[in-house]
2 protein chains.
Amino acid sequence: MNKNLIVGQSGGPTAVINSSLYGVVKAAIDSPEIDKVFGMENGIEGFLLGNVLDFQEALEPNELELLKSTPGAYLGSCRFMLPEDLDDPVYPKLFEKLNELNIGYFMYNGGNDSMDTVSKVSRYAEKVGSDIKVMGIPKTIDNDLVLTDHTPGFASAAKYVANTVREIVTDASVYETPAVTIIEIMGRHAGWLTAASALARRFDGDCPDLIYLPEVDFDCGGFVSKVKNLLDKKNTVVVCISEGINDAQGKFICEYDSATGVDNFGHKMLAGAGKYLENLLRSELGCKARSVEFNVSQRCSSALLSKTDRDEAVMAGEFGVKSALAGETGYMVAFDRVSDYEIECSLQDVNEICNKEKKVPSTMISADGTDVTDEFINYCKPLILGNVEVACGEDGLPKFAYRK
Amino acid sequence: MNKNLIVGQSGGPTAVINSSLYGVVKAAIDSPEIDKVFGMENGIEGFLLGNVLDFQEALEPNELELLKSTPGAYLGSCRFMLPEDLDDPVYPKLFEKLNELNIGYFMYNGGNDSMDTVSKVSRYAEKVGSDIKVMGIPKTIDNDLVLTDHTPGFASAAKYVANTVREIVTDASVYETPAVTIIEIMGRHAGWLTAASALARRFDGDCPDLIYLPEVDFDCGGFVSKVKNLLDKKNTVVVCISEGINDAQGKFICEYDSATGVDNFGHKMLAGAGKYLENLLRSELGCKARSVEFNVSQRCSSALLSKTDRDEAVMAGEFGVKSALAGETGYMVAFDRVSDYEIECSLQDVNEICNKEKKVPSTMISADGTDVTDEFINYCKPLILGNVEVACGEDGLPKFAYRK
């Protein structure tokens, strides 16, 4: 008897998480072995509350195609961890709900924490002898999942970073007044996205001048003196930092001002590492300084999608469905770089992935810790290639799919 | 005898100020009455220091075309006001330099302060009987110049705002947790750009939920209670504010925290109106809140150029050159909306424009001051139409023209 498929999204959205959703839904609809295609609304948390949609009913005729270039998470997301103890009553409850819907294939699209869910659901299925196939589809702009060359979502965010840094450099270069621009980029523990700012350079010596990742101990004194040396030579200095830069004791730079920056209500005004360093430069060097925080646009810009990323995200979704249909379970779809540049999908044991974190290796960071090496450039460059033409409405703005 | 033309850029850059530069340079090169086409490096300030380039020498073969979609200010900019007193010795010095280069046509591309320069240079020319024709080409994302339907640069910034607000709404809608996102948009005194956030809406009741312009007195208590009412009805609340929102006494909201927000060095941490209101909501309502500052990307994004804006910016530059060749002087090129939607260029007395500021009229603001009316929507909608395909390099990123 044919089975149904259910798919959920979890964790922070990316610009292409819905491209993977498209890949899953399209492959499932096209598979004669699968009857119905369901979506969990707001991930496993919403599913446990009974929030399920039927894709064939929910999507208007052309909306499936729109999904491919819709940022955010169409199904809604959650940040919900299943209990460690597989004897917890939530598991039989979950499987009862899955069985009610005659689910044979459980696809979960997310990052590190979501792979933890895939691990637990697949282990519980094995424990109780359920034949539901459980598969993880990766996504994260942080690019910090192990056992895969990179993750869907990273490349579009990297393209946003490189493109926008280049534009800001163009903007920052118009005045003769010496000035420093600090750009704060997402990445609490891994600096992959900040490293991508190096791709903005058009020639030797072009901005950004300094790149700081969380992988390297940050030293405020060294930073100030490097900026001072640069200002002796050039008027426009641009520095890219990860939000998570931290000192040798592991203290985040964004926490340095927490004791003093307090608003009228006595609440901490945590202004971010960029704001802190902007202030530091003004007070130590007396120079003009400003900071720019890329914020959520780096993960939800549809105008700067990487076609490579978008196509790979779709491919990951499709591969997940095909693998589940072939009887595989407990895996995450991973990317293997087989040549420069070609990607093939493989399956990796999800238990070896969840709760681990891939940081930028030291070979991709320059000796003095303020730049990346050619090894990183060669790694990252092919990922951002190709532009996506996003469907445009009569209002001149992008058309996105959304739940009604 | 043929004369030469010189063009300068001044004030903050926009995404299409170089499109106008393209229009000027192209029209000048194509005019048999004009020999050489010069550029002032860093505006009138750089010109007085002798910093001049010859476009035919400076631009590589295909770079003129690249100018059309290059953000920033190719020539460099300045913030320099000529003295009020036309008897000041800077004027004969300036005209000596212009005569040395055999300049017959002086084009200046900028906003309010730049039109002040056009006014003074043209009045001095008249005073001394110089036949140099002086023409202002408008630009400003603020859209605050009088006697013109709108200004080049506004529409692309408005498109960035509408597009990016729509994306952020998509991103903000993924969780079930009630949360408020505050988006801070440029505009110290005029709210045109913030008003454009209304174009992000896809259906009645879509975000943004509240739009606050500097034209309306801002009341923190009223703001908090409106947000509270919204959170009773929906989980995702998005508020767009101008950076320049101010209270009934004219005090900027971003200055509210100046007494208390102090960093380790005792320096003021002016965190912006968005950050202030984010904190206010957390303390008053105990809700999740975050703020996003669009910062410089709203004026330098090449990915979200409005084709309408780009084409009009080119047209303004061309029209300025043709008008100067026809003997006109002391004018700014203006846009007249002759139908819905068609624009014709006209000339407006620059003395009637400089040092004035066009604010959003009350008929474009809703009665309770927290939204725009259909009059604004109808005004703004056609301006953002059309996408521009920006030249892309082998690195997958936009190719920009820049001075070597």
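Author: Happy to! Let's start with Tyr379(A), which is buried at a relative accessible area of 9% (buried is under 20%, exposed over 50% and partly exposed in between, with a 1.4 Å probe and protein chains only). The model is predicted, so local features need pLDDT of at least 70 and side-chain atom pairs pLDDT 80 or more, while totals for chains, interfaces and linings use all residues. Residues count from 1 along each chain as its sequence is written, chains are lettered from A and ligands numbered from 1 in the order written, and side-chain values use heavy atoms, leaving out hydrogens and water.

Over all chains, the structure holds 26 aromatic pairs (rings of Phe, Tyr and Trp, the last by its six-membered ring, with centres within 6.5 Å; planes under 30 degrees apart are stacked, over 60 edge-to-face, the rest tilted). One of them joins Phe376(A) to Tyr379(A), a tilted pair with 6.2 Å from centre to centre and 45° between the planes. Both residues belong to helix α13 (residues 374-380) of chain A, where they sit three residues apart, about one turn of the helix (helices are DSSP runs of H or I with at least four residues, strands runs of E with at least two, numbered from the N terminus). An α-helix has 3.6 residues a turn, so residues three or four places apart point the same way. Phe376(A) is buried too, at 0% relative accessibility.

Now compare a pair in chain B: the ring centres of Tyr212(B) and Phe223(B) are 5.7 Å apart and the planes are at 75°, so this pair is edge-to-face. Tyr212(B) belongs to strand β7 (residues 210-212) of chain B and Phe223(B) to helix α9 of chain B, so the pair ties together parts 11 residues apart in sequence. Tyr212(B) is buried at 8% relative accessibility, and Phe223(B) is buried at 1%. Back in chain A, ring pairs gather Tyr91(A), Phe95(A) and Tyr124(A) into a cluster.

Strands are worth a look as well. In chain A, four of them make an open sheet with parallel pairing, in the order β7-β8-β6-β9 (two strands pair if DSSP finds at least two bridges between them). At the edges stand β7 (210-212) and β9 (288-293) of chain A, each with a single partner strand, so one side of each has no neighbour in the sheet. From one strand to the next, the twist averages 15° (axes are lines fitted to C-alpha atoms, for helices over the stretch in contact, with angles from 0 to 180 degrees between N-to-C directions). Strand β6 (residues 179-185) of chain A pairs with β9(A) over six bridges in the parallel sense, and Ile182(A) has Ser291(A) as its bridge partner in β9(A). Helix α7 (residues 154-172) of chain A packs on this sheet, touching β6, β8 (236-242) and β9 of chain A, with its direction at about 165° to that of β6(A). Helix α10 (residues 272-285) of chain A also lies across β6, β8 and β9 of chain A, at about 160° to β6(A).

Helix α7 of chain A includes Thr164(A), which is buried with a relative accessible area of 2%. Neighbours within four places in sequence aside, Thr164(A) is in contact with Phe294(A), Leu304(A) and Ser297(B) (contact means heavy atoms within 4.5 Å).
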